[in-house]
Amino acid sequence: MLTQILIEVIQLLIVGLGAPLLVGLVRRVKARLQGRRGAGLLQPYADLHKLLAQEAVVSETTSWICRFTPYLLAATMLLSALLVPLLTTQTPLGFLGNIIVLMYLFLLGTFFLTLAGLDAGSAFGGMGSSREMAVAALAEPTVMIAIFAIALRAGNTGLDEIIRRGAADSLLLLTPGHLLAFMAFFIVALAETGRLPVDNPATHLELTMIHEAMVLEYSGRYLMLIEWAAGMKLLIFLALLSNLFFPWGVALAITPFALAVAFVALAMKIGALAVGIAVLETAVAKLRLFRLPALLSGSFALALLAVISFLFVK
Amino acid sequence: MLALWNKIWTTPVVTEPVVRTYDDAQIEAIARQVDERARRLFGRSLHIREVDAGSCNGCELEIGALNNPYYDLERFGMHFVASPRHADCLLVTGPVTRNMADPLKRTYDATPGPKIVVAVGDCARDCGIFAGGYGVVGPVSAIVPVDVVVGGCPPPPSMILAGILAALDMRDNPQSVRSTDGPVSDDGAQ
């Protein structure tokens, strides 16, 4: 019992405290690729600390949704942190929900964030909300199909079971369906976490914003919660990508040594994906909004092919 | 694509180390009572909102240069944000025109405290050549409280950076703040 509580606490700490570091790493690598020195790895912690101590200015035209959403976002991300198998395939609270529950937890946050974007009644907020919903509606089928592709292979939608099957049979990782599903899920992860080429997290241009436009009205601790939640979402998506598709090092049994190995493996896998995202964001430009359906339906096609290939290549 | 990667690979970090050679005649600090907490917080993280209150865009070009790899504002933990609600520093340029006086005031009110205001350029200080114009209300300090004034037409990016850093330093040792006056001639050269 104590071990299980300990594992869940470690998962919370990894997601909660690791998220700003991950954001800092992506920014740092991008800065170096642009020939800049960039801010330190720990800069996001300083930013969050400053926001937390700052005054929160709330527009007087807003309703409870505006004040409620940041807490909901942080809460859904922390709840997801309990469900996702980060270190071991025996996540104590893994029985609470499978990968479908996880995706709809994310969507609950997205839903409330779009409402909050509309709440203050500013033009940019409404524009961001409408775009976010368009992207979410396009990404949704891909997420589900890509999940089915890997769930079919494992014969189970439980996250732990999928990883256990992958770790048991390493040849599974080389099947075309697996690689296609990985590519589809990666593109969707970029769309869901608001990275290039779908959305630019570093933009100052209101007209090109998606996620940033919805949070223009937030300040102080509310903004801190939203930015923290965005970082946690990125970390959870990268953890899912690395553990579901490359289940190397995940602890199959709960021993201190196995957990330590799993932690190092997770850090290296997420680090590699973060560097990959930074390189990608340096190399590609943001897609025009009306080109996004092409990208996302392309990833949908990849996911569909992954499911079909399961029927032929067993 | 390969050419791009080659360029990225062969280009070193071009960011210059910051040199503070400007004296107080060029960076004019107006002491304002700010609590210790603000200084501690902003020492590591500062989010800047740029407000063009009627500038000719000369200052904006120099401010824009702060983002390039040569000056690299981000290494000090500062960056420009899209909303005054995200900001804790307002960078105001230009003589305040009648149309921008109210938006400037509202931007200041929308910025969460503790906050600092840096007026950039001769126009922001004393309306420059636009002083007395029928469309001009007055300098920035006539509308919102100003912490630091950076003179010049336009001031070079390194001086704007020094101005922002001076605003942060000001809290370290308030007695070092000197309010100087007199016109500053600056041709924009280093």
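**Loops, cores and an interface**

Asp72(B) sits in the loop between α3 and β3 (78–80) of chain B. The model is predicted: local features need pLDDT of at least 70, side-chain atom pairs count only at pLDDT 80 or more, and totals for chains, interfaces and linings use all residues. Residues are numbered from 1 along each chain as its sequence is written, while chains are lettered from A and ligands numbered from 1 in the order in which they are written. Helices (H or I, at least four residues) and strands (E, at least two) are DSSP runs, numbered from the N terminus.

Stay with Asp72(B). Its phi is near 40°, a positive value in a residue other than glycine. Asp72(B) counts as buried, with 24 C-beta neighbours inside 10 Å. The cut-offs are these: a residue is buried if 20 or more other C-beta atoms lie within 10 Å of its own, exposed if 12 or fewer, and partly exposed in between, with C-beta atoms placed from the backbone.

Asn57(B) also has a positive phi, about 80°, although it is not a glycine. Its loop runs between β2 (46–52) and α3 (58–65) of chain B. Asn57(B) is partly exposed, because 13 other C-beta atoms lie within 10 Å.

Next, the cis peptide bonds. One joins Cys153(B) and Pro154(B), with omega about -10°. Pro154(B) lies in the loop between β8 (148–150) and α6 (157–169) of chain B. In chain A, the bond from Leu196(A) to Pro197(A) is cis, with omega near 5°. Pro197(A) belongs to the loop between α7 (176–192) and α8 (211–214) of chain A.

Now the interior. A nonpolar core is a set of buried Ala, Val, Leu, Ile, Met, Phe, Trp, Tyr and Cys residues joined through C-beta atoms within 7 Å. The largest has 93 residues; among the members that touch the most others are Ala184(A), Leu235(A) and Ile236(A). Helix α9 (residues 220–245) of chain A gives the most to this core, with 18 residues. A second, separate core of 44 residues includes Cys89(B), Leu90(B), Cys127(B) and Val136(B).

Finally, the interface. Two residues are in contact if their C-beta atoms, placed from the backbone, lie within 7 Å. Chain A brings 29 residues to the contact and chain B 25. On the chain A side, α1 (2–33), α2 (43–53), α9 and α10 (256–283) each supply at least two residues. The largest share of that side, five residues, comes from α2(A).
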